Amino acid sequence: MNVGNYPGQVGNKAGHNAWMRDTPLDPFPVSASSHPTDTTPLLSEEQRLRGSNADVWQMYNACAKMHDVQLAERWKVQTDSTMIFAGLFSIVVSPFMAEAISKLRSNSTELLLTQISRQVDDPIGTPLSSLPIVLPSYPTKLDVTVNVLWTLSLVLSLTCALSTILVKTWVQEYLYYSQCHPIPSTRARIRAHLFRGLSDYRLDQVISAIPLLLHLAILLFGAGLITCFFSLNNIMAYTALGAYSVIGASYLFLTISPLINPTSPFKTPISNLLWSSLQLVRLSILHATQRITSFVSPDNTFSCFRLPKIIISCQEIYRGGITRALEQDLENTSPNMDAHSLRWAISYMHDDGALESFIAAIPKFLDSEHHCYPQYTIGHLMEDRDVRLGWTIGRLLQTCASSSSALEPHVCKRRAIACMRAIWCVTEKFAGLSSLYWDTLFGAQTAEALSILKHHPDPSIALIAWCTAALAARSCLRELTDISARKQTKGPYWASRAQHLFGFIDKLVAVPLPSDDLESIARDGPLLTLTAFLKTVSHSVAEVDGTVSSMITTTVKHLADGVRAGEATLDTQRLFTSEIFALGTYDCLRHYLDPAASRAVRLTAASLLQELATRIPADVRAADVYADFPFLQEHGSGEHLQDGQQTEASQRRWSYDSSQTVFSGDPAWPLGFLPCCRSPRNDSSLGAVIEVPLSPSQDGCSAR
């Protein structure tokens, strides 16, 4: 098949008609005798111009036009500045050229006047033959050199100005011919054909090289000026030579600066040419090395595996240009550039509207580009004392919780949901850490705003506030548990910090905790928080959308993580049983929770004391809980375990691995199976946001 003669090719209308006549797929072959004599068009003018697939080509033409206009504008800025400076420089060089050219020819009038003057001064009667003859003067080598240098300088300057005029003409011609055809599909093909010509002939590089002519013209003019000074005065000549040498050295440094560091903003028109030349030299050396090593040692690992990858990487850099080199340099030298970029963006967001848009994008940022470590980036922004992202979110959230807020209702709702979802996502990503320091990262202002928004009349705002406050309280409880487990070695500072955390927990979820016993708080706090959350959300869960329902489900998973219901006090266990199961709270929620969250609640109930577990409805008992766990089925759903081991076994087999964000009760439980439900411990500093989980041998539960 001849690809060059396909039916839709531009300018091949006759071939298209012939193809349509000769093809056997045409059900109505056209013959010369059956051709209609009238000229009535088969399609209307609008249909002919638009075509059957005009929407695609219209989109292409719109994008292409925008791209071409921006490209032409950039070229226009480059050529305008170059043309103006070239014109001014030509005006400066012209007087010097006029003076230098006069030294290339002898002045006959001046020579004749000199001869007459000498004859008049001599005594009368002196023979003419005895008078000195005045010889004509010839230009010196320095004069010739100065004229050559200045002539080349002027020629290059004028060539630069002419080139800019030609470039303007080329760009205008391209813009005209790429948009002149009325049919969208044909116009798109013509534009693509012309744009390929721009790429093949490297017009962009040609335009970038035009200022190089002007730079060479300035260099030649300076060299001619120094040469001219040598013919007049050596002191002036050496002074100009020294100054020009300093300028030349600076220019050389600016030229090679991008070769040393790709991020350097200093460059000259020679830099791109020199960079391309060095890449070609590098590729030539690598290819030569590959041939030599393959000839000397064909089985060498370096020449067979490593060297081809290096060559491919260099070829990609050469084809991609400096942009690809910048990407590679960024990957090798600046792994934390995301945090630096976002830090700069936040510092320049002085408007609450722009800041709200940034905060609303945090959840999607945390769920995307895992290879770029978005959690580390957000954690860095949370710790940065100049940014304090958590405090910034809390300040913006406070504008929605204040009774004197001047925001419109829809703006207030949108901002409150955006801020609370950002806080919830950040807290959820680090939910498995025992040293998140939520109170330090978000501040008391955030906790106060959440405590107010929990009672908002809008069910979406209220439930999102409850999800966020419950996760925040659970994070504080984890740290409080860590402090209580090692309170003997913490000192007075940590005792006061424990009281501070207790105040935050009380403000966030308002559960009845004993303020004087850290161990009681550590035992009862998680179960009380889970009870308060389930009781509250059960009243409004049917009124919210799927996004809020998903937040509730995930929050339940995190709140049930590590809850030792059997270790809590008897009153706390009775409260959980009565509030969640006796009053029908679980029955209201079970239809909105996913299987993993539902099993988490049932498993928590199964770990209660035996006398309380029997009060739970039959469909929530252990037989239903352990249905998906072969290990526990082997032990009779935990009924034949020894006293004190049933709760421990259920807790060991039921934990949430926050590092892999998968609930271990799901059918794919081996992915998130943990040896113990206890959160990893770490004595990291107060500013640590990212905590590395300990190995099983370091965990306190593994030593049992």
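Author: Buried means under 20% relative accessible area, and exposed means over 50%. Partly exposed lies in between. The model discussed here is predicted.

Reader: Are phenylalanine 89 and phenylalanine 221 buried or exposed?

Author: The cut-off for burial is under 20% relative accessible area. Phenylalanine 89 falls in that class, and so does phenylalanine 221. Both residues are therefore buried.

Reader: How many residues apart are phenylalanine 89 and phenylalanine 221?

Author: Phenylalanine 89 sits in helix 3, whereas phenylalanine 221 sits in helix 7. Their pair links distant parts of the chain. The separation is 132 residues.

Reader: Why is the pair of tyrosine 176 and tyrosine 177 edge-to-face?

Author: The ring centres of tyrosine 176 and tyrosine 177 are 5.1 Å apart. Tyrosine 176 is exposed at 54% relative accessible area, and tyrosine 177 is partly exposed at 43%. The pair is edge-to-face because its planes stand at 70 degrees.

Reader: Which element gives the most to the lining of the second largest pocket?

Author: The second largest pocket holds about 930 Å³ of space. Helix 3, helix 6, helix 7, helix 9 and helix 10 give two or more residues each to its lining. The top contribution is 7 residues, and it comes from helix 7.

Reader: How many residues of the lining of the second largest pocket are charged?

Author: The lining has 28 residues, and Arg202, Asp204, Gln205, Ser208 and Asn272 lie nearest the pocket centre. Of the lining residues, 13 are nonpolar and 10 are polar. The charged residues number 5.

Reader: Where is arginine 388, and what is its phi near?

Author: Most residues other than glycine have a negative phi. Arginine 388 has a positive value. This residue is partly exposed, because its relative accessibility is 27%. It is found in the loop between helix 14 and helix 15, with phi near 50 degrees.

Reader: Is alanine 510 buried or exposed?

Author: Alanine 510 also has a positive phi, near 55 degrees. Its place is in the loop between helix 19 and helix 20. At 54% relative accessibility, alanine 510 is exposed.

Reader: Which residue's backbone oxygen lies 2.7 Å from a polar atom of the side chain of threonine 427?

Author: Threonine 427 lies in helix 16. With a relative accessible area of 1%, threonine 427 is buried. The backbone oxygen 2.7 Å from a polar atom of its side chain belongs to isoleucine 423.

Reader: What separates the C-alpha atoms of threonine 427 and tryptophan 438?

Author: Leaving out residues up to four places away in sequence, threonine 427 touches Leu436, Trp438, Phe442, Leu471 and Ala472. Threonine 427 and tryptophan 438 are 11 residues apart along the chain. Their C-alpha atoms are separated by 7.9 Å.

Technical notes. Residues numbered from 1 in each chain as written. Predicted model: local features only at pLDDT ≥ 70, side-chain atom pairs only at ≥ 80, totals over all residues. Heavy atoms only, no water. 1 Å grid on protein atoms, 1.4 Å probe; cavity = no way out; pocket = protein on both sides within 12 Å on 5 of 7 lines; lining within 4 Å. Points joined across faces, edges and corners; volume = space filled by probe spheres on them. Helix = DSSP H or I, 4+ residues; strand = E, 2+ residues; numbered from the N terminus. Nonpolar A, V, L, I, M, F, W, Y, C, P; charged D, E, K, R; others polar. Buried < 20%, exposed > 50% of the residue type's maximum accessible area, 1.4 Å probe, protein only. Contact = heavy atoms within 4.5 Å. Polar contact = N/O pair within 3.5 Å; in protein donor to acceptor, adjacent residues only side chain to side chain. Phe/Tyr/Trp six-rings, centres within 6.5 Å; stacked < 30°, edge-to-face > 60°.
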